[in-house]
Amino acid sequence: MLWPTIATLAGLALLISLGNWQMRRLAWKQHLTENITERVHRDPLPLEAVDAAAARGDDIEYTRVAAQGQWLHDREMHLYALDASHGPGFYIITPLKLADGSVLLVNRGFVPNELKETAQRAEGLVAGDVRVVGLVRGPEAHGAFVPPNELKRNIWYWRDIAAMGAEAAGGADGGTAHVHAFFVDAEKEPVPPGGWPIGGTTRLELPNRHLEYALTWYGLAATLVGVFAAFAVARWRRKGTDAGT
């Protein structure tokens, strides 16, 4: 019984540690969700305050921020997206040129495939000074199963802030403009003329199945104990039978 016992204890320790890890992930995810909920209901901060927080290394994700400037519609970028109501389409990433000459990348919202080109939604190309309120989003990594961005076709599959910033700066001050190192997902209101793009695209409900995973690992640990107990009882009974004969 020595080696079966050692193997069972090792497996049990592994399964319990995986369950405990999922419970820690559950606590982390719940804390993150609470932080997001609290941040999105705050009054918007000025862009300067968010820049200062980012410079200090603070977590600025989902911070509500306000900025004012003019859209650079001729430099908008198209980020592939899926919408639950409208199907496949694009997020319209439009540079916002601020009073100090810097540029902020703003996700104005979703449009379906047929409205990808600006000519199909000319009413929504607002001119002049605008005030934008939205949520800060940081850069994202290029996933292994995500296609590469197609800059020549102006089709993007992931938020490459460095590359998008270079494109945005190319349309402002001859490419010398400072581009802020984060996105802003614009809120749904105010709705632009013509109704497109549809703002408020930030996904606030994070997937959270950590409790389910934890219970699975703990259940496997309990099953392992049961299997070992049945095995041990069968061995002892067999030994007793052999001794009796």
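Which residues does His73 touch, not counting residues up to four places away in sequence? The contacts of His73 (heavy atoms within 4.5 Å) are with Thr94, Arg108, Gly124, Leu125 and Val126. The model is predicted, so local features need pLDDT of at least 70 and side-chain atom pairs count only at pLDDT 80 or more, while totals for chains, interfaces and linings use all residues. Residues are numbered from 1 along each chain as its sequence is written, and side-chain values use heavy atoms, with hydrogens and water left out.

His73 is placed in the loop between strand 2 and strand 3; helices (H or I, at least four residues) and strands (E, at least two) are DSSP runs, numbered from the N terminus. His73 counts as buried because its relative accessibility is 15%, where buried means under 20% relative accessible area, exposed over 50%, and partly exposed in between (1.4 Å probe, protein chains only). The side chain of His73 reaches the backbone oxygen of Val126 at 2.7 Å. This is a polar contact, defined as a pair of N or O atoms within 3.5 Å; within protein, one must be able to donate a hydrogen and the other to accept it, and residues adjacent in sequence count only if both atoms are side-chain atoms.

The loop between strand 2 and strand 3 also holds Arg75, which is partly exposed at 27% relative accessibility. The side chain of Arg75 reaches the backbone oxygen of Glu167 at 2.9 Å. Between Arg75 and His178, the C-alpha to C-alpha distance is 15 Å, with 103 residues separating them in sequence.

Strand 4 (residues 87-98) has 9 of its 12 residues buried. Strands are taken to pair if DSSP finds at least two bridges between them. Strand 4 pairs in the antiparallel sense with strand 2 (residues 64-71) over 3 bridges, and Gln70 stands opposite Lys97 of strand 4. Strand 3 (residues 77-83) and strand 4 are also antiparallel, over 7 bridges, with Ile92 in strand 4 as the bridge partner of His78; these two strands form a hairpin with 3 residues between them. The antiparallel pairing of strand 4 with strand 5 (residues 103-112) runs over 9 bridges, and Leu105 in strand 5 is the bridge partner of Pro95. Strand 4 and strand 5 form a hairpin with 4 residues between them, and Gly101 in the turn has a positive phi of about 90 degrees.

In helix 3 (residues 161-169), the buried residues include Ile161, Met164 and Ala168. The buried residues of helix 3 pack against several strands, among them strand 3, strand 4, strand 6 (129-137) and strand 8 (179-186).

The structure holds 12 salt bridges, each being a side-chain nitrogen of Lys or Arg within 4 Å of a carboxyl oxygen of Asp or Glu. In the salt bridge of Arg121 with Glu76, the closest N and O atoms are 2.4 Å apart. Arg121 lies in the loop between strand 5 and strand 6 and Glu76 in the loop between strand 2 and strand 3, so the pair ties together parts that are 45 residues apart in sequence. Arg121 is buried, with a relative accessible area of 5%, and Glu76 is buried at 5% relative accessibility. Glu38 and Arg42 form a salt bridge at 2.9 Å, N to O; Glu38 is partly exposed at 41%, as is Arg42 at 38%.
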